[in-house]
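Please read these notes with the structure open beside them. They take a few places in turn.

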Amino acid sequence: MSSSISLAIATASYAATPDSWAKLDAATQAACIKASGLTNATAGPPIRFSDKLLMDARVIEGVWPQPHMTGARASMLCLYNRKTKQVEVQELATPPKPAPALKDVWWQAEDIGGKGIIDRSDVTLMIGSDGKIGGKSGCNGYSASYQITDDKLKLTSPLIGTRMACAPALMNQEQNFKKLVETAVSFTISSEGALILQSADGATIKFVRK
């Protein structure tokens, strides 16, 4: 009887001393990081189940190595069997980021019609929840009424503005900007949070949050 009890005690746990637990933790961490396939991976502390299950769980975080993932981060749950040393990883679903607000925030133009923008020129857009858009077009202020349906945008009144004169290059950029705004037909918000306004002829203006 005593020998049976001793055998049961000896085989019930796969790490019985602080040193053996430390070695086990190091092994599970290394195995989980390797199995994840992520770069710059880090492992969270182990969640250790009882000797009935013989499982250690860890959350692994890192960066997808594939070029098309463009440096996107990932979180994975890793399960390590202390008896068989088998490892299984599964990507953890991450909640989608809330869509950035479109209205009542200032947008700064970063590119107009694929031609960039004159350094330090102030070209802005505010899409107001009151049905009005406005801002600065580089030299003058402007405003108009608008309507949005799904991802479609159109002006419902003529674009009006002040009539100050500026340097020729700035005035030319301003005219291009106003033309694109006047003929806007749709908008999108990119994964990076940029606002892309598209005109009827396919030309675009790219805005970032100011």
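**Notes on the model**

1. Thr70 is exposed, with a relative accessible area of 70%; exposed means over 50%, buried under 20%, and partly exposed in between, with a 1.4 Å probe and protein chains only. Thr70 sits in the loop between strand E3 (55-63) and strand E4 (73-81). Strands (E, at least two residues) and helices (H or I, at least four) are DSSP runs, numbered from the N terminus. The phi of Thr70 is near 45°, a positive value in a residue other than glycine.

2. This is a predicted model, in which local features need pLDDT of at least 70 and side-chain atom pairs count only at pLDDT 80 or more, while totals for chains, interfaces and linings use all residues. Residues are numbered from 1 along each chain as its sequence is written, and side-chain values use heavy atoms, with hydrogens and water left out.

3. Lys85 also has a positive phi in a residue other than glycine, near 65°. Lys85 lies in the loop between E4 and strand E5 (87-91) and is exposed, with a relative accessible area of 60%.

4. The largest nonpolar core has 24 residues, of which Ile205 and Phe207 touch the most other members. Such a core is a set of buried Ala, Val, Leu, Ile, Met, Phe, Trp, Tyr and Cys residues joined through side-chain atoms within 4.5 Å. Elements that each supply at least two residues of this core include strand E6 (106-112), helix H3 (168-182) and strand E14 (204-209). A second, separate core of 8 residues includes Ile60, Ala74, Met76 and Cys78.

5. What does Phe207 touch, leaving aside its neighbours within four places in sequence? Its contacts (heavy atoms within 4.5 Å) include Trp107, Thr124, Phe177 and Leu197. Thr124, found in strand E7, is buried, with a relative accessible area of 2%. Beyond four places in sequence, the contacts of Thr124 include Trp106, Tyr142, Phe177 and Phe207.

6. About 210 Å³ of space lies in the second largest pocket. On a 1 Å grid over the protein atoms alone, a pocket is an open set of points with protein on both sides within 12 Å along at least five of seven lines, and lining residues have an atom within 4 Å of a point. The volume is the space filled by probe spheres set on the points, which are joined across faces, edges and corners. H3 gives the most to this lining, with 5 residues. Among the lining residues are Ile112, Lys115, Asn172, Lys179 and Asp201.

Methods. On a 1 Å grid over the protein atoms alone, a cavity is a set of points where a 1.4 Å probe fits but cannot get out, and a pocket is an open set with protein on both sides within 12 Å along at least five of seven lines; lining residues have an atom within 4 Å of a point.
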